[in-house]
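Hi,

Here is the model I said I would pass on.

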Amino acid sequence: MKGPAENKKMKMANLISVTITSVFYALCGCMGYAAYGNDAPGNMLSGVYNPMWLVVLANVCIVVHLVGAYQVFNQPLYATIESWSSKKWENSKFINQEYPVSIPGFKNKKFHINMFRIVWRSCYVIVVTVLSMAIPFFNDIMAFLGATGYWPLTIYFPIAMYIARKEIKKYSRRWIGLQSINAFCLICAIAAASGAVRGIAKSLANNPFKAKH
């Protein structure tokens, strides 16, 4: 029996993932503000200490989520650098040589190791991690980047592509409804970005590393 088409599977997967993410973030924002008000910490878990097992579990889930997201978002950068390096130094064994390694317990199963990938990706992760740890207001910067990237990537372009694909007439009821969602989310993104900028300014003013005069 043939299963559903790939586009239908992806459509359902996207619907489920976006719905769960939206509900989760909305609950965190609303309940966090209800509990802490304007003093809500950037890391909501930093204000909770009991029950400890729940806090630990939540932190583990965050690590799993961020590790996966980190790899996905960095793949284009990895591919670009490695492709460029391979073309630039075609005869370099360090960059282009692949070393097959057998997997214990699996016959005829091997994975390939490339020394350049190991060194360059490890150095990149170390540098990025150190820089993020060195920034005293990392949460505010992440909030600003998230706010500025949210509207164009998540709202504007998908709606514009949907309108073009479905050939929705301008000023029709559906077109007005979609553009209303577009405008509402833009206002939310601007408000979130403004709040993030305010947080960055406040963090700069209270920066403990700022020189004292």
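Before the notes, one term: I call a polar contact a pair of N or O atoms within 3.5 Å, where, within protein, one must be able to donate a hydrogen and the other to accept it, and residues adjacent in sequence count only if both atoms are side-chain atoms. By that rule, the backbone nitrogen of phenylalanine 116 lies 3.0 Å from a polar atom of the asparagine 114 side chain.

Some housekeeping. This is a predicted model, so local features need pLDDT of at least 70 and side-chain atom pairs count only at pLDDT 80 or more, while totals for chains, interfaces and linings use all residues. Residues are numbered from 1 along each chain as its sequence is written, and side-chain values use heavy atoms, with hydrogens and water left out.

The overall layout: the protein chain has six helices and two strands, counted as DSSP runs (helices are H or I, at least four residues; strands are E, at least two) and numbered from the N terminus. Their order from the N terminus is α-α-α-β-β-α-α-α. Of the 213 residues, 13% are buried, meaning under 20% relative accessible area, with exposed over 50% and partly exposed in between (1.4 Å probe, protein chains only).

Back to asparagine 114, which sits in the loop between strand 2 (110–113) and helix 4. This residue is buried, at a relative accessible area of 2%. Its side chain also reaches the backbone oxygen of isoleucine 95 at 2.8 Å. Beyond neighbours within four places in sequence, asparagine 114 is in contact (heavy atoms within 4.5 Å) with Phe94, Ile95, Asn96, Gln97 and Glu98.

Helix 4 itself has 20 residues and reaches 29 Å from first C-alpha to last, close to the 28 Å expected at 1.5 Å a residue (that is, 1.5 Å times one less than the number of residues).

What about salt bridges, how many are there? The count is one, taking a side-chain nitrogen of Lys or Arg within 4 Å of a carboxyl oxygen of Asp or Glu. Arginine 121 and glutamate 82 form it, at 2.7 Å from N to O. The pair links distant parts of the chain, 39 residues apart: arginine 121 is in helix 4 (residues 115–134) and glutamate 82 in helix 2 (residues 52–88). Arginine 121 is partly exposed at 23%, whereas glutamate 82 is buried at 15%.

Cheers
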